[in-house]
Each structure stands twice: as C-alpha cells, then as structure tokens.
Amino acid sequence: MRPLQKKIIAYERVQPKIDPAQEVQRSITFLQTFLQKNNLETLVLGISGGQDSTLTGRLCQLAVAQLRQQNPQRNYQFIAVRLPYSQQADEQDALKALEFIQPDQTMRVNIQPAVDAAVASIEANDLAISDFNKGNLKARQRMVVQYAIAGATKGAVVGTDHAAENITGFYTKYGDGATDITPLFRLDKRQGRVLLQYLGAPEALYQKTPTADLEEQRPSLADEVALGVTYQDIDDYLEGKDVSETAAEKIEAWYLKTEHKRQLPYTVFDQF
C-alpha cells in the first residue's frame, strides 16, 4: 500500500467491507443522538436528485420518524429543500428522490434571484465573475437558505459529504462543505449505493451519473470528467486495493491540493 494511501484511509475511516444494515442504523443513531444532545428538533437537507442527497435524506427521515415514536411530545421533523437555480434540468430525478425519501416537509427556494443579484453587484465594481466562480456562489447560496430554514425551525443542516468526495475535495468550501453533521462520512461512493439498495431505492436513483451541475457553460458535467479519475478507482484506493499509478497519483494530487478545505480557518499558530 502506498504511504499516503495508508494515511488517507486512516483519516477517512473507510472499511474495505461493510454490513449495510449496520451502517444504516449507525447513521440513524448518529443523527438522533446529535439532535437530542443539542436539544434540536429538525434536520434540514438540500435534495438534488443524486445518490448522496437521496441516501442522506432517507436516513434523516428514518431518524426523525423513530424519534417521534419514542418522544411524541417533541416536534421532530425532516425538511427536504429543493434549491434550483431557475429550472433544474434533472427535475424529475429530484421528484423521484423525494417520492422515495417521503420527507415530513418539502420546501422549494429558487436561488437564482439572490445569486444573480450578488453577481451583478460584484461586477458593478469592474470585477468579472467566471462561470466556475458563479457555480461556487450557487453552492454557498444554497447553504444560506438551508441555515435560514434551520434557524427558524430549531434545526441542524445535514451534509452529504462522503469519503470519495472528501478525499478529492469535490465540494465548495463554505458551500456544500459547510454543514452541521455528515452522516455519510466513512463511506465511499459504492458503499453509498449499497446502502440505497438495502433501503429499497429505485435503481435509477443510485445508478445516476454523479454531477455537481453548477456550471452553466458545462451543464451536467460528470464528476469523473471534472476529476479526471473514476469513482471506481477512488473507492478501490480508499478500500486499500491496488489502483493504477496514474489513478493513485491523480487521487493524491487532489487530496493534497484540497487539504485547506478539510481544515478550520488557519491561525498564526498553525503550520501550513
């Protein structure tokens, strides 16, 4: 095993084999414990229609449903939030995900007015906002909305970050990477699919090509194209298996390049 591979696996806590029933309950218990210890009642999550938010959403709904049975005097709930920029191209996938998740509440907030207003205000200062930069602004605006909802409902914002995403830093800093709780941490991409299969999700929801879909000039750009490495290679790497030298170098380059995303803000006492 490569030296850095061993270090990364220890950090990400990925196991080469999992028991889906055990991991589902582990995530559910984790969510429940967080709510109870922090005297909160609501879980808030943005739903895109992709594998990660579908799995996380279903886990959230199962967690609060159990809590309501155990504590009927508390208003435990899960709020699924649709956050399109104007119209979402894969809207039907999001609707299918919601049908599977069965959230207590669904809210829809169009982030386009807020994003476009911010871009216009910034560019009024003779500073151009690139398409990529605007994509990150979209991701951050989605978190602004989710935290506003959580603040109004005694809630916590749930993230979808998992090991295959975390290792590559394939998320927006202070965007979808800014959450209160991440129940998928420790799982890679294929393990997430296994959990969805165990939970009885429609195959189309976990076989869908992963995409962040934030860029307008490259709509529905597949994650694997953007990363230059497949999730199969990333998952194999995280599970301690051998991958090609090219794939390993690409994965490790992403890990080192995005190290700042996995840290709290630096202080004068930090080494970097």
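Visitor: Leaving aside neighbours within four places in sequence, which residues are in contact with Phe78?

Guide: This is a predicted model, in which local features need pLDDT of at least 70, side-chain atom pairs count only at pLDDT 80 or more, and totals for chains, interfaces and linings use all residues. Residues are numbered from 1 along each chain as its sequence is written, and side-chain values use heavy atoms, with hydrogens and water left out. Taking contact as heavy atoms within 4.5 Å, the partners of Phe78 are Leu43, Leu45, Gly57, Cys60, Gln61, Val64, Ile101, Pro103, Asp104 and Gln105.

Visitor: Which residues touch the most other members of the largest nonpolar core?

Guide: A nonpolar core is a set of buried Ala, Val, Leu, Ile, Met, Phe, Trp, Tyr and Cys residues joined through side-chain atoms within 4.5 Å, where buried means under 20% relative accessible area with a 1.4 Å probe, protein chains only. In the largest core, which has 32 residues, those touching the most other members are Leu31, Leu43, Leu59 and Phe78.

Visitor: Which element supplies the largest share of this core?

Guide: Elements supplying at least two residues each include α2 (20-37), β1 (42-46) and β2 (77-82); helices (H or I, at least four residues) and strands (E, at least two) are DSSP runs numbered from the N terminus. The largest share, six residues, comes from α3.

Visitor: What percentage of the chain's residues count as buried?

Guide: The chain's secondary structure consists of twelve helices and four strands. Of its 272 residues, the share that counts as buried is 48%.

Technical notes
Buried means under 20% relative accessible area, exposed over 50%, partly exposed in between (1.4 Å probe, protein chains only).
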